[in-house]
Amino acid sequence: MPSARQGPEGVNHLADVNRIVHEPARLMILLVLSTVQEADFVFLLNATELTWGNLSSHVTKLEDAGYVEVEKGFVGKKPRTLARLTHEGRQAVDDYRRTMQQALDAAK
Amino acid sequence: MSDAPKIQDIQRRTRRLMTYEDGSWDLLLGTIFFLLSVYPITRARLGPSWNLVLFIGLLLVASGVQMFLKWKFALPRLGYAKGIRSPKLKALFVVTIGVVILTFGVVVLTLRDSSWLGALVPSSGPIWLRRFMVDILVVPVMVGIFSTLGYLFGVTRLYLYGWLLGIGNLTAVIIYDGAPEGFNVPLGLAAGIILVFGATLVVRFVRNYPVRTLDV
């Protein structure tokens, strides 16, 4: 009988899951950004239904991890901040999706 | 502890927010089919060619108004997002546009002159099939297009729209067969239902999405 530390292959991958991506609010931000080329913070607020403080804090963490790039600019006289996934960010989302799928398949 | 977000649901919601949340698409669709429902009346007055010009002109105006409303009204509330162009989505977009153009072309040809239909069905086929073939085919095409969009974007009402418009058109053709041309009630009713959906969505959109000004 397998020990508590050993499980079916695939489920063990959960231990290696990217914890930056795995946090629900950050995962939502990454998934929204994976569906678009770029989006401003107003759109991200509406799509994720996070509070402004939460969104800002999580985007900063994702930016520090190199998964999101933030561009501040203006549309006319109004400031607009755009966010987009980096290549590493898209890779991280794909890897996360694959890891979770393997774990779910192994658990069946 | 919050529930883990479902990946596909989040992506569908994002696509839905970009296109279907503000109700403008529904208002445009309802307007197009309402114009089609008054088409017989204007055709009787203007003749087929000028009526077609009028229809296309009004279509362009309605599309322009929808784009303006989206930019002026929806964008400040919803925010800006630029869609991604994955190869899969591009292919789907091309196929959808192709089917829409084909359907529109058939509709316009038929509205202009329906005599070309007779050549498509063998003379040995049942009379009702020869008479209503195109309109019968329109039903699965409409249901197919709208159901595909409904699935991709997670918008349930689109499934209803496909049936409303397909069955509405077929019903109209059957009940008005041989009758003098006038307002197309079934299609007008379908368009009216869609317009009501659109108006309701606009009201809900204004309530749920106040204008945000973030100084970031």
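**Salt bridges, a helix pair and a nonpolar patch**

Visitor: What makes Arg84(A) and Glu69(A) a salt bridge?
Guide: The closest N and O atoms of Arg84(A) and Glu69(A) are 3.4 Å apart. A salt bridge is a side-chain nitrogen of Lys or Arg within 4 Å of a carboxyl oxygen of Asp or Glu, so the pair qualifies. Please keep in mind that this is a predicted model, where local features need pLDDT of at least 70 and side-chain atom pairs count only at pLDDT 80 or more, while totals for chains, interfaces and linings use all residues. Residues are numbered from 1 along each chain as its sequence is written, chains are lettered from A and ligands numbered from 1 in the order in which they are written, and side-chain values use heavy atoms, without hydrogens and water.

Visitor: Which parts of chain A does the pair of Arg84(A) and Glu69(A) tie together?
Guide: Arg84(A) sits in strand S3 and Glu69(A) in strand S2 (residues 68-75), so the pair joins parts that are 15 residues apart in sequence. Strands (E, at least two residues) and helices (H or I, at least four) are DSSP runs, numbered from the N terminus.

Visitor: Why is Arg84(A) called buried, and Glu69(A) partly exposed?
Guide: Buried means under 20% relative accessible area, exposed over 50%, and partly exposed in between (1.4 Å probe, protein chains only). Arg84(A) has 18%, so the residue is buried. Glu69(A) has 36% and is therefore partly exposed.

Visitor: Which other residue does Arg84(A) meet in a salt bridge?
Guide: Glu38(A), with N to O at 2.7 Å. This pair links distant parts of the chain: Arg84(A) in strand S3 (residues 78-85) and Glu38(A) in strand S1 (residues 36-40), 46 residues apart. Glu38(A) is buried, as is Arg84(A). Together with Glu69(A) and Glu71(A), these two are linked in a network of salt bridges.

Visitor: How many salt bridges are found over all chains?
Guide: A search of the whole structure gives eight. One of them joins Arg98(A) and Asp95(A), at 3.0 Å from N to O. Both lie in helix H5 (residues 87-107) of chain A, three residues apart, about one turn of the helix. Arg98(A) has a relative accessible area of 46%, so this residue is partly exposed. Asp95(A), at 32%, gets that label too.

Visitor: On to chain B: what makes H1(B) and H5(B) a contact?
Guide: Contact means heavy atoms within 4.5 Å. Gln8(B), Arg12(B), Arg15(B), Arg16(B) and Thr19(B) in H1(B) meet Tyr151(B), Leu152(B) and Phe153(B) in H5(B). By class, that contact has three nonpolar, two polar and three charged residues. Nonpolar covers Ala, Val, Leu, Ile, Met, Phe, Trp, Tyr, Cys and Pro; charged covers Asp, Glu, Lys and Arg; the others, Gly among them, are polar.

Visitor: Why is Val61(B) called exposed?
Guide: Val61(B) has a relative accessible area of 53%, so the residue passes the cut-off for exposed. Val61(B) lies in helix H3 (residues 48-78) of chain B. With Val65(B), Phe68(B), Leu69(B), Trp71(B) and Leu75(B), Val61(B) makes a nonpolar surface patch of about 570 Å². Patches take residues with over 30% relative accessible area and no salt bridge, joining nonpolar side chains (Val, Leu, Ile, Met, Phe, Trp, Tyr) within 5 Å and like charges within 9 Å.

Visitor: What pattern does chain B follow along the sequence?
Guide: The pattern is α-α-α-β-α-α-α-α, from seven helices and one strand. Of its 216 residues, 36% count as buried.

Definitions and conventions:
Accessible areas come from the Shrake-Rupley method with a 1.4 Å probe; for residues, only the protein chains shown count as cover.
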